[in-house]
Amino acid sequence: MPRTINTPRSPRYDFALACRELSAADPKLGRLIERAGPFKLRISGGQSPFEALVESIIYQQLHGKAAATIHRRMMESFHDICGVGNHPSAQHLLDCPNEQLRAAGLSKNKMLALRDLAAKTLDGTVPTLERIRRMSDEDIIEHFIQVRGIGRWTVEMLLIFRLGRPDVFPVSDYGVRKGFALTFQGLKPTQKVTPDLLPKPDVMQKRAKRWGQWRSVASWYLWRACDLANASAKV
C-alpha cells in the first residue's frame, strides 16, 4: 500500500463567494465573518474514508494527545506487515489479533468498532472515495452510520474536514450550538453556558435556511465565535 499523503489544502469550493453570500443573506453572521477574518478551513484530503474513520473512532471521547499516542502505537504495530508510514488495510485490521490492538491502548468497544469498520469496508457498506464523490451528503451519512461506533456527528466532521463538502450543518455539535447562541441569541462571552442557553436543532435549522448552500462555512465561523468569546473572556 502506498504511503498516505495528507497535506492539508483549501476546500475546492468558492469560499470567498460563500462569505459574500452569507454576509448579504444574514447581516449578524456577516458581522461575525468580519470580526473573525478570512476563512482558513483546511481539508485533509489524502486520507481514504477507511483511514479517516479509523482515526475518528480512536479519537472519540479521548483527549487529543492520548488519542494520538494510541493511533501512533496502532500504526507502528503494523510496520512489519505494511512498512513504515503506510496505513494498514481493512483486511490487515480484520486479521490482526486482539492482543495487538489492546497493546496499542484500544478499549474493547473501540476494537469491536474498528473490526466492524474493516468488515463493512470490505463488503462495500463503507464506499470508496471514488463512489463517495458521486454521493449526496445524506447518502454518505446513511452508509457510514451503519458502522459500529460511528454516529451522525462523526460523519458530518468527515464531510466538512476530509471531503470538503460546503453545505453541512452539525446542529448537535457543542461548539456550533454555543457559537449560534453567541451570534444570534445574546449569549455573553463571560456567561456560564448551561443546556437551557443552547439552541434547539429546529431553531438552528430555521436560521440556516438563509445560508443557502454554504452551511459548512457558516459552521466554521460559529466555531470561531467561540474562539473570539474565549479570547474576550480572558481580557
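In helix 3, the residues Phe50, Leu53, Val54, Ile57, Ile58 and Tyr59 meet Lys110, Ala113, Leu114, Leu117, Ala118 and Thr121 of helix 8. Sorted by class, the residues in this contact of helix 3 with helix 8 comprise 10 nonpolar, one polar and one charged. The model is predicted, with a mean pLDDT of 92 for the protein and 97% of its residues at 70 or more.

**Confidence**
- Residues 1-5 have a pLDDT below 50, although this stretch has 15 contacts in the model beyond near neighbours in sequence.
- Where pLDDT is low, the predicted coordinates should not be read in detail.

**Helix geometry**
- Helix 3, which covers residues 49-59, packs with helix 8, which covers residues 108-122, at an angle of about 165 degrees, and their axes are 10 Å apart.
- Because angles over 145 degrees count as roughly antiparallel, helix 3 and helix 8 are roughly antiparallel to each other.
- The crossing in which helix 3 passes helix 8 is right-handed.

**Aromatic pairs**
- The count of aromatic pairs comes to 10.
- For Phe39 and Tyr221, the ring centres are 6.1 Å apart and the planes stand at 35 degrees, so this pair is tilted.
- Phe39 lies in the loop between helix 2 (27-36) and helix 3, whereas Tyr221 lies in helix 14 (residues 215-234), and the pair therefore ties together parts that are 182 residues apart in sequence.

Note on methods. Residues numbered from 1 in each chain as written. Predicted model: local features only at pLDDT ≥ 70, side-chain atom pairs only at ≥ 80, totals over all residues. Heavy atoms only, no water. Axes fitted to C-alpha atoms, helices over the stretch in contact; angles between N-to-C directions. Helix = DSSP H or I, 4+ residues; strand = E, 2+ residues; numbered from the N terminus. Parallel < 35°, antiparallel > 145°, perpendicular 65-115°, else oblique. Left-handed = near helix turned anticlockwise from the far one by under 90°. Contact = heavy atoms within 4.5 Å. Nonpolar A, V, L, I, M, F, W, Y, C, P; charged D, E, K, R; others polar. pLDDT = per-residue confidence, 0-100. Phe/Tyr/Trp six-rings, centres within 6.5 Å; stacked < 30°, edge-to-face > 60°.
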